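Let's walk through this model together, one part at a time. Keep the 3D view open as you read.

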Amino acid sequence: MMKKRILSGMRPTGPLHLGHLVGALDNWVRLQEEYQCFFMAADWHALMSEYEDPRRISSYVYENVADWLASGVDPEKSVIFVQSQVAEHVELLLAFAVLTPLGLLERCPTYKEQMRELADRHVATYAFLGYPVLQAADIALYKAHAVPVGEDQLPHLELTRQIVRKFNNLYGEIFPEPKPLLTQMSRFLGLDGRKMSKSYGNFIALCDEPSDIRKKVQGMFTDPQRVRKTDPGHPEQCNVRRYYDVFSPADVADLAKACKEAQVGCTECKKMLGEKLVALLGPHQERRRQYLQQKKTLCDILESGRQRAQETARKTMDEVRSSIGLVHR
Ligand code: TRP
Ligand code: SF4
């Protein structure tokens, strides 16, 4: 039996952090066994917000892909590629753009939210409004059956389904309607208790030096009611404890007890967490470093990914042209 297909992507706009590792990447790694996976660095999508200063996009492509590989995304099993290297994405974007009602895009909740969040980036552009149309093209180009995404991306998946349905109704059933595979949203927040976000800078990046990891963990917000070390703590309300849940589950029970009984202070508690994270990220960082040092290997992986992606993409575009009835070559 042919494996079902998955496509997912990340925008190379910055370093990946612990949330990506525990939310998305470990999920990608698992899905590789069951599905034929396409994993894409969405650099055109990155350009939509970074076009005024696009210099770092390509280095983030390499860095992010090195993190994927270091996490266990396997180029033998999965197709790892860069969106802008497969021109068919942009072709299918236009085929979808002709049938996407403006209202659908203007009403998309992520659009309004992003316009607010990226107020300093001048994203009141033609392309930015069409962000979900390119995402629909990314997915449909590989006839993906499913898309692993976080909850924040659900409106885009719904738009993809609507666009694909309309295409199928007008020109013939060629695309499956992709289903979201909801990624367990991160069970932990940013270091300051707010949502992890690039603009808040409140996260531990996968490439952070051990000294930075220790410093960042030491600066984490804890139980606000615990002023002195002799005050009993409320681990159930503490963000540090949530990190323990994820990164050191075997220690949570003992730790929570000691916290409630004021046997352990926050400084010590965070010190231990910092060491855990340093130890956990060490091997990841070593693998990541190796990929970034052997640029040739990384480029070969992306080149082979491009070829495999493009093979599928070309077939789909041929079908698209003939279903619409564009002139044959
Ligand atoms: N919009 C996604 C994000 O910001 C990235 C993305 C681009 C994507 N194309 C995709 C995700 C296709 C899933 C499928 O995270
Ligand atoms: Fe949070 Fe640990 Fe301090 Fe308890 S001891 S309040 S779990 S940081």
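Predicted model: local features only at pLDDT ≥ 70, side-chain atom pairs only at ≥ 80, totals over all residues.

**Salt bridges, domains and buried residues**

Another pair to find is Glu-261 with Lys-257, whose closest N and O atoms are 3.7 Å apart in a salt bridge. Here Glu-261 is partly exposed, with a relative accessible area of 42%, and Lys-257 is exposed, with 52%. Salt bridges with shared partners also join Arg-56, Glu-63, Asp-67 and Arg-288 into one network. In total, the structure holds 26 salt bridges.

Arg-288 forms a salt bridge with Asp-67, and their closest N and O atoms are 2.8 Å apart. This pair links distant parts of the chain, as Arg-288 belongs to helix α13 (residues 266–293) and Asp-67 to helix α3, 221 residues apart. What is the relative accessible area of Arg-288, and is this residue buried or exposed? Arg-288 has 9%, so it counts as buried, the limit being under 20%. Asp-67 is buried as well, at 1% relative accessibility. Arg-288 also meets the side chain of Glu-63 in a salt bridge, with 3.5 Å from N to O.

Now step back to the domains. The protein is divided into domain 1 (5–188 + 295–324) and domain 2 (210–288). Their C-alpha centres lie 35 Å apart. Between the two domains, about 990 Å² of area is buried, and carbon and sulfur atoms give 68% of this. On the domain 1 side, Leu-18, Ala-70 and Phe-188 lose the most area to domain 2, together 51% of what that side buries. By contacts, 10 residues of domain 1 meet 9 residues of domain 2.

Which polar features cross this boundary? There are 2 salt bridges across the interface, and 4 residue pairs are in polar contact between the domains, counting pairs with both residues at pLDDT 80 or more. On the side of domain 1 that touches domain 2, α1 (18–34) and α3 (57–71) each supply at least two residues. Helix α3 gives the most to that side, with 5 residues. The residues of this side divide into 6 nonpolar, 1 polar and 3 charged.

Setting aside residues up to four places away in sequence, Phe-188 touches Leu-18, Gly-19, Val-22, Met-196, Arg-242, Tyr-243, Val-246 and Phe-247.

Asp-192 lies in the loop between β5 (179–182) and α10 (210–218), and it is buried, with a relative accessible area of 17%. The side chain of Asp-192 makes a polar contact with that of Arg-194 at 3.0 Å. Beyond its sequence neighbours up to four places away, Asp-192 touches Asn-202 and Phe-221.

Finally, turn to helix α8 (residues 131–141). Because 11 of its 11 residues are buried, α8 is largely enclosed by the rest of the structure. Among these buried residues are Tyr-131, Gln-135 and Asp-138. After α8 comes Lys-143, which has a positive phi, near 45°.

Technical notes
Residues numbered from 1 in each chain as written. Chains lettered and ligands numbered in written order. Heavy atoms only, no water. Helix = DSSP H or I, 4+ residues; strand = E, 2+ residues; numbered from the N terminus. Buried < 20%, exposed > 50% of the residue type's maximum accessible area, 1.4 Å probe, protein only. Polar contact = N/O pair within 3.5 Å; in protein donor to acceptor, adjacent residues only side chain to side chain. Contact = heavy atoms within 4.5 Å. Domains from an automatic or database assignment. Buried area = accessible area lost by both parts, 1.4 Å probe. Salt bridge = Lys/Arg side-chain N within 4 Å of Asp/Glu carboxyl O. Nonpolar A, V, L, I, M, F, W, Y, C, P; charged D, E, K, R; others polar.
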